[in-house]
Structure formats: C-alpha cells, structure tokens
Amino acid sequence: MNILHLTTHLNVGGITSYLLTLSKQLIKAGHRVYIVSSGGEMVGTFESVGVKCINLPIKTKSELSPRIYWALPAIVDCIKKYKIDAIHSHTRITQVMGFLLQKLTNVKYVATCHGFFKPRTSRRVFPCWGEKTIAISDQVRDHLIGDFGLSSERVILIHNGIDLEDFSEVNLEIKMQKRKTLGLDEGPILGIIARLSDVKGHSVLLDAMSQIVSHFSTVKLLIVGQGKMEDQLKAQVAHLNLGRHVHFYPVVNRTGDFLSVFDVFVMPSLQEG
C-alpha cells in the first residue's frame with residue numbers, strides 16, 4: 001500500500017515519535033510511506049528510514065486558517081502522483097484536511113486520536129473523524145464514544161508501540177560515563193522527558209523536589225524538553241532554592257540516551273492520552 005500521513009510538523013514530540021515508529025514498521029512490512037507536514041527537525045530521520053517527506057506550510061492551530069485550504073490542491077496532486085491508497089491524519093488540523101481530501105479524491109481516510117479534545121462547537125458541527133478512528137488508549141476510546149458520540153464500531157483501540165531497538169541495555173559503566181558527559185556527579189537522578197506545558201505537571205514535581213532534597217542531599221532532577229512553561233518553571237526552581245538540584249536540557253531526538261542516565265523516571269501528568 002501507499003500510505004499518506006498528515007501531521008502539522010515533524011519536530012520532536014509524542015506524535016512525531018509515534019509516526020516514526022509506525023513508519024519504520026510499515027516500511028519493513030513492504031508499504032510505501034509519505035508524510036505531508038510543515039517540516040521540522042526530524043525530517044532527516046524520517047528520510048533516513050525511507051519515508052518520502054513533503055513539506056507544505058500547514059502549521060497552524062486554527063482549523064479556519066486559509067493555509068490548510070490553500071495546501072489541499074498540492075496534496076491532491078501528491079495523492080494522484082504517488083497513487084495513495086490511504087490517508088492517515090494525526091492532529092485536529094490534519095483531520096479537517098484528511099476529511100476534505102477524502103471528499104476530493106475518494107481515498108480511504110483514517111485518523112488517530114492521541115489525546116483528549118475540548119468539546120468545541122466546531123468539532124461537533126464539523127467533526128472530521130476518519131472512516132475508522134484509532135484511539136491510543138481505553139481512556140481516549142471512552143472519550144470519543146462518550147463525549148463525541150462515535151459508535152463503538154467506528155473507534156479502534158490500538159495501543160502505542162515501542163521500538164525496542166531504540167532502547168538497548170546499558171551497564172553501570174556506560175551509565176556513569178553518560179552522567180559525566182552531562183556534568184553530573186554521583187547521587188540519585190530523577191528525570192522527566194516531556195514538553196514544558198502545564199498539563200505535564202512539572203510544577204507538581206518541583207514542589208515534591210523541595211521535600212525530597214531535605215532527605216537526599218545529593219539528588220538531582222533532570223527536566224528534558226522545551227515549551228511555553230520554561231521561564232515559569234525556572235522561576236519556581238529559583239523560588240524553591242533548587243538551583244543546585246534541578247537541571248534543564250533541551251529536547252532530544254533519542255529519549256533512550258537520557259533514560260539510561262536516570263535512576264527514576266517521573267511523569268506527573270495532570271492529563272495524558
């Protein structure tokens with residue numbers, strides 16, 4: 001099959017990670033994979049595994065943005081050129097695009113819901129769900145059926161997969177060497193890898209750290225990621241006098257490199273798909 005994925009960007013993040021794992025396995029199974037996005041820092045990684053990346057300026061948070069409608073003719077041309085058999089959308093914006101592309105080309109269309117959606121009027125009036133809609137967890141499936149009225153036959157539960165090749169076993173010597181590379185001394189290390197947004201619960205974790213350091217004086221917390229909460233979180237670190245214990249690192253392409261440094265991974269999300 002020739003499969004076209006639609007996503008707003010290919011920067012590091014949960015959907016991009018999902019797409020990379022899925023694309024690698026689809027290609028391994030003999031399918032051809034194409035991705036339309038606005039590009040991003042992970043494009044080279046996708047191309048290295050055999051994905052054809054098509055960059056169009058579709059990155060927006062508004063389903064009414066003219067740019068996503070201006071892009072439709074170019075995507076229709078790609079669907080015809082590459083003889084696409086299925087369209088697969090991964091964000092609200094690209095669900096709208098996928099729905100319209102199906103009407104324009106009569107190509108099969110599915111969508112994956114990676115989390116929870118606010119029940120806005122526009123989504124109820126113009127839902128744009130796929131012919132089949134994939135939910136990544138039981139909670140998301142219940143959300144789609146209970147809050148948006150999708151039939152249980154239309155929602156397919158497929159849990160996220162993990163490519164174990166990205167997570168090789170690391171011995172203590174390699175672990176300590178990686179810590180030295182990051183400028184870390186001995187002592188227990190906690191870590192979180194997530195975008196810096198309020199829903200991920202970083203603030204809760206920092207409040208907990210202010211208590212933890214009173215019991216473990218050498219403990220460190222590594223916060224890996226970027227986002228709109230960065231300045232606020234750094235201010236909280238300063239307010240709690242945790243500067244010696246908390247370290248911020250930019251987003252990483254390979255989470256395994258950081259996970260092998262941690263003693264404990266912490267994910268205090270307030271809401272998670």
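Buried here means under 20% relative accessible area, while over 50% is exposed and anything in between is partly exposed (1.4 Å probe, protein chains only). Strands (E, at least two residues) and helices (H or I, at least four) are DSSP runs, numbered from the N terminus. Since 5 of the 5 residues of strand 9 (residues 220-224) are buried, the strand is largely enclosed by the rest of the structure.

The model is a predicted one, in which local features need pLDDT of at least 70 and side-chain atom pairs count only at pLDDT 80 or more, while totals for chains, interfaces and linings use all residues. Residues are numbered from 1 along each chain as its sequence is written, and side-chain values use heavy atoms, with hydrogens and water left out.

Strand 9 pairs with strand 8 (residues 189-193) in the parallel sense, over 5 bridges. Two strands pair if DSSP finds at least two bridges between them. Within this pair, L221 of strand 9 has L190 opposite.

Elsewhere in the chain, 7 strands form an open sheet with parallel pairing, in the order 3-2-1-4-5-6-7. Strand 3 (52-55) and strand 7 (155-157) are at the edges with a single partner strand each, so one side of each has no neighbour in the sheet. From one strand to the next, the twist averages 25 degrees. Inside the sheet, strand 1 (residues 2-6) and strand 4 (residues 86-89) run parallel and are joined by 4 bridges. L6 has S89 of strand 4 as its bridge partner.

Helices lie across this sheet. Helix 5 (residues 92-105) lies across strand 1, strand 4 and strand 5 (108-113), and runs at about 170 degrees to strand 5. Helix 7 (residues 138-148) lies across strand 5, strand 6 (132-135) and strand 7, at about 170 degrees to strand 7. Axes are lines fitted to C-alpha atoms, for helices over the stretch in contact, and angles run from 0 to 180 degrees between N-to-C directions. Contact means heavy atoms within 4.5 Å.

The whole chain has 11 helices and 11 strands. Its C-alpha trace spans about 60 × 40 × 35 Å along its principal axes. Of its 273 residues, 44% count as buried. Among contacts in the chain with a separation of 6 or more, 65% come from residues 24 or more positions apart.
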